[in-house]
Amino acid sequence: MTMVYGSREIARNPSLLRIDSHDSFIVEDKKAHKTLGVYLGTELANEFFKYQKKQELLASAHKIKTEASKELEFFDGTDDDGL
């Protein structure tokens, strides 16, 4: 389970910011119930950035596929124009 620390706890004990490479925790304002930040260890951060890059590449591939499908439909429509 991910640990949740209040911002005051971090201010009083900054050593809480030292985390293992596979750990993570959330800092929140407990009075306002708002998340202020998420801290990730180096291994988790690398995994997250790899995931983000894959998502970006998949979105680009999907966009290319969509545009290619539109072009194909356009050219299929011009097949029967009597030429």
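**View 1. M3 stands opposite F25 in strand β2.** Strand β1 (residues 3-6) pairs with strand β2 (residues 24-29) in the parallel sense, over 4 bridges. Two strands count as paired if DSSP finds at least two bridges between them. Strands (E, at least two residues) and helices (H or I, at least four) are DSSP runs, numbered from the N terminus. From β1 the chain passes through helix α1 (residues 7-12) to β2, a right-handed β-α-β crossover. Right-handed means a clockwise path from the first strand over the helix to the second, with the strands pointing away from the viewer.

This is a predicted model: local features need pLDDT of at least 70, side-chain atom pairs count only at pLDDT 80 or more, and totals for chains, interfaces and linings use all residues. Residues are numbered from 1 along each chain as its sequence is written, and side-chain values use heavy atoms, without hydrogens and water.

**View 2. β2 and β3 form a hairpin.** Strand β3 (residues 34-40) runs antiparallel to β2, joined by 6 bridges. E28 stands opposite T35 in β3. The hairpin has 4 residues between its strands. In the turn, H33 has a positive phi of about 55 degrees.

**View 3. V38, L40, F48, F49 and Y51 make a nonpolar surface patch of about 520 Å².** Patch residues have over 30% relative accessible area and no salt bridge; nonpolar side chains (Val, Leu, Ile, Met, Phe, Trp, Tyr) are joined within 5 Å, like charges within 9 Å. A salt bridge puts a side-chain nitrogen of Lys or Arg within 4 Å of a carboxyl oxygen of Asp or Glu. Areas come from the Shrake-Rupley method with a 1.4 Å probe; for residues, only the protein chains shown count as cover. Helix α2 gives the most to the nonpolar patch, 3 residues.
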